[in-house]
Amino acid sequence: NESLLECIGYALPGWCDNEALAEMLRRLTDEEGLTSEFLRIHSDEGDDYDGMLDYAQRVGLINMDETEVTPLGLEYIERWS
């Protein structure tokens, strides 16, 4: 009886939490101009954006090109922020 968003949140790898992933996705939708490429370059700062972006892409929170947050991703942001 779990929703898809609950399942995605439950399956999130242990090194990350739902709020951190939702915040990263939110930053991709803001007018800050951040891109997944920028986040990957700065992933070495301890945030593991690489891993979060890979997971978000696998579960359909961002598109395959990592250029847009999907409607499911927007729901995820709303649920976990």
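This is a predicted model: local features need pLDDT of at least 70, side-chain atom pairs count only at pLDDT 80 or more; totals for chains, interfaces and linings use all residues.
Glu-6 is partly exposed, with 24% of relative accessible area. Arg-79 has a relative accessibility of 38%. That value lies between the cut-offs of 20% and 50%, so Arg-79 counts as partly exposed.

Why do such pairs form? Side chains of opposite charge can pair when their charged atoms come close. The model has 6 salt bridges by the rule used here.

Now follow H5 itself. Which of its residues are buried? They are Leu-72, Gly-73, Tyr-76, Ile-77 and Trp-80. Look down the helix axis. The buried residues of H5 fall within an arc of 145 degrees, so they line one face of the helix. The face turned away from that buried side carries Pro-71 and Glu-78, which are exposed. What covers the buried residues of H5? The cover includes H1 and helix H2, residues 18–29. Is Thr-70 buried or exposed? Thr-70 is buried, because its relative accessible area is 17% and the cut-off for buried is under 20%. Which residues does Thr-70 touch, leaving aside those up to four places away in sequence? They are Gly-60, Leu-61, Ile-62 and Asn-63. With Gly-60 there is also a polar pair: a polar atom of the Thr-70 side chain lies 2.6 Å from the backbone oxygen of Gly-60.

The loop between H4 and H5 also holds Glu-66. Glu-66 forms a salt bridge with Arg-40, and their closest N and O atoms are 2.6 Å apart. This pair, too, links distant parts of the chain: Arg-40 is in helix H3, residues 36–41, and Glu-66 is in the loop between H4 and H5, 26 residues apart. Arg-40 is partly exposed, at 26% relative accessible area, whereas Glu-66 is buried, at 13%. The pair is part of a network. Salt bridges with shared partners join Arg-40, Asp-50, Asp-54 and Glu-66.

Helix H3 also contains Glu-37. Glu-37 is exposed, because its relative accessibility is 58% and the cut-off for exposed is over 50%.

Arg-26 and Asp-30 meet through their side chains, N to O at 2.0 Å. Arg-26 is partly exposed at 28% relative accessible area. Asp-30 is partly exposed as well, at 27%.

Key. Residues are numbered from 1 along each chain as its sequence is written. Side-chain values use heavy atoms; hydrogens and water are left out. Buried means under 20% relative accessible area, exposed over 50%, partly exposed in between (1.4 Å probe, protein chains only). A polar contact is a pair of N or O atoms within 3.5 Å; within protein, one must be able to donate a hydrogen and the other to accept it, and residues adjacent in sequence count only if both atoms are side-chain atoms. Contact means heavy atoms within 4.5 Å. A salt bridge is a side-chain nitrogen of Lys or Arg within 4 Å of a carboxyl oxygen of Asp or Glu. Helices (H or I, at least four residues) and strands (E, at least two) are DSSP runs, numbered from the N terminus. The arc is that of the directions from the helix axis to the C-beta atoms.
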